[in-house]
Amino acid sequence: MTMIDSPSPAGPPTTATFPGPARASTLAPTPTPAPAAAEHTFSGGSIELRAVEKAFGRHQVLDGVSFRVAAGEVVCVIGPSGSGKSTALRCINRLEEPTGGDILLDGESTLSMSPDRLRQRVGMVFQQFNLFPHRTVLENMTLPLCKVAGLGREEARTRALAGLEQVGLAEKAGYRPVRLSGGQQQRVAIARALAMQPEAMLFDEATSALDPELVKGVLRLMADLARRGMTMVVVTHEMGFARSVADRVIFMDRGVIVEQGSPAALFDDPRSPRLQAFLAEVL
C-alpha cells in the first residue's frame, strides 16, 4: 500500500492510503486499453445485366433489361407488383434462366458457371426465411457450408458462428427457428448467405413478411452491410431505405426500366409520368 501524508488543519498529519506498489508518491500508470477489433469490410464484385429477357410462355416478364452495379455499390429496384423486379433478381443467380441477353459477375458470364458456384458468389435473401424448422440455427448455417461449399464440420461451425456474430445472434445458435422472432429469423437468413463469403448480395423484399415493428432491425442490418462495402441489389417497397441507403434507384414497370438515377433525382424530380404516378401512391 502506498502511504501519502497530508496536512491536517487541527493536529498532526493524517495518512491516506491508495492501493498500488510500495513506492512513495507514485501511482501505477493507467493501463493502455486494448485496441478495438477491426471492423469486417467486404470486397464486392460487380454485376451487369445486358439486354436480359425472360418469358413464361407468351408472357414477356423482362424485355431487354440492362443495368450495371459497380463493386461496393447499392442499387435499389422499385416498382409496382408484376413489374419484373423479382424476376430480374432471380435471373442474376439463375433461379430463373434468362431467355435472352447475358448477366456478368466481375466481367464473367454467369450463364457459363455452375449454379452452385454462382450462388456461393452471389448470396440471396428472400421474403420467406427458408430455414429448416427441425434444425437449430447453427445447423441451418452449417448445412450449406458443408453441402455446397464443401467445408469440413469444424470450419463450417467456425464460419457459421462468425456469421451469427455479425448479425448479433451468436447466442441463438442452439435455438430452433420457432423460438425466434420473424426479424431474428430473417437476420439468420442474412447470416447464412454472408457465411458463404459472397461477392454480392441480392435482397428480394426481405422485410415484406415481417411485422412492422421488426422491419427496422433488418433494414438497419442491411444498411450496415452497405456501409461496409457489400455490393447489393435490393428489390424493396421501403422507399425510406431506398432514399437513404441506395447509391442508385431503378424504377421498373411492365418488364422494362422506365427511369433510373440517384435517389434525390428519382424521388424529388421524377421525369416519367409513370414514376410520378407510382410515387404519388406510395409516398
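Leu225 is located in helix H6 (residues 212-227); helices here are DSSP runs of H or I with at least four residues, strands are runs of E with at least two, and both are numbered from the N terminus. The model is a predicted one, in which local features need pLDDT of at least 70 and side-chain atom pairs count only at pLDDT 80 or more, while totals for chains, interfaces and linings use all residues. Residues are numbered from 1 along each chain as its sequence is written, and side-chain values use heavy atoms, with hydrogens and water left out.

With a relative accessibility of 0%, Leu225 counts as buried. Buried means under 20% relative accessible area, exposed means over 50%, and partly exposed lies in between (1.4 Å probe, protein chains only). Setting aside residues up to four places away in sequence, Leu225 touches Phe42, Ile190, Leu194, Phe203, Met230 and Met232, where contact means heavy atoms within 4.5 Å. Between Leu225 and Met201 there are 9.5 Å in space, C-alpha to C-alpha, and the two are 24 residues apart in sequence.

**Helix packing**

Two packed helices are described by the angle between their axes and the distance between the axes. The axes are lines fitted to C-alpha atoms, for helices over the stretch in contact, and the angles run from 0 to 180 degrees between N-to-C directions.

| Helix pair | Angle | Axis distance |
|---|---|---|
| H5 and H6 | about 20° | 8 Å |
| H4 and H5 | about 130° | 8 Å |

The angle of about 20° makes H5 roughly parallel to H6. Angles under 35 degrees count as roughly parallel, over 145 as roughly antiparallel, 65 to 115 as roughly perpendicular, and the rest as oblique. H5 and H6 cross in a right-handed way; a crossing is right-handed if the near helix is turned clockwise from the far one by less than a right angle, and left-handed if anticlockwise. On the H5 side the contact is made by Gly182, Gly183, Gln186, Arg187, Ile190 and Leu194, and on the H6 side by Leu214, Val218, Leu221, Met222 and Leu225. These residues divide into 7 nonpolar, 3 polar and 1 charged. In this division Ala, Val, Leu, Ile, Met, Phe, Trp, Tyr, Cys and Pro are nonpolar, Asp, Glu, Lys and Arg are charged, and the others, Gly among them, are polar.

H4 covers residues 153-166 and H5 covers residues 182-195. This pair is oblique, and H4 passes H5 in a right-handed crossing. Arg159, Gly163, Leu164 and Gln166 of H4 meet Val188, Ala191, Leu194 and Ala195 of H5. By class, this contact has 5 nonpolar, 2 polar and 1 charged residues.

Leu266 is in helix H8 (residues 263-268). Its relative accessible area is 1%, so Leu266 is buried. Apart from neighbours within four places in sequence, Leu266 is in contact with Val249, Ile250, Phe251, Glu259, Gln260, Gly261, Leu275 and Leu279. Leu266 and Arg248 are 18 residues apart in sequence and 9.0 Å apart in space, C-alpha to C-alpha.

Ser46 is in the loop between strand E2 (11-18) and strand E3 (47-56). Ser46 counts as buried at 10% relative accessibility. Residues up to four places away not counted, Ser46 touches Arg68, Val69, Ala70, Ala71, Leu104, Leu105, Asp106 and Gly107.

**Positive phi in loops**

Most residues other than glycine have a negative phi. Asn130 has a positive phi, near 55°. Asn130 lies in the loop between strand E8 (122-125) and helix H3 (137-147) and is partly exposed, with a relative accessible area of 48%. Arg254 also has a positive phi near 55°. Arg254 sits in the loop between strand E11 (248-253) and strand E12 (256-261), and with a relative accessible area of 73% Arg254 is exposed.

**The whole chain**

The chain has 9 helices and 12 strands. Of its 283 residues, 47% are buried. Among contacts with a separation of 6 or more, 63% are between residues 24 or more positions apart. The accessible surface is about 14,500 Å², and 51% of this surface belongs to carbon and sulfur atoms; the areas come from the Shrake-Rupley method with a 1.4 Å probe, and for residues only the protein chains shown count as cover.
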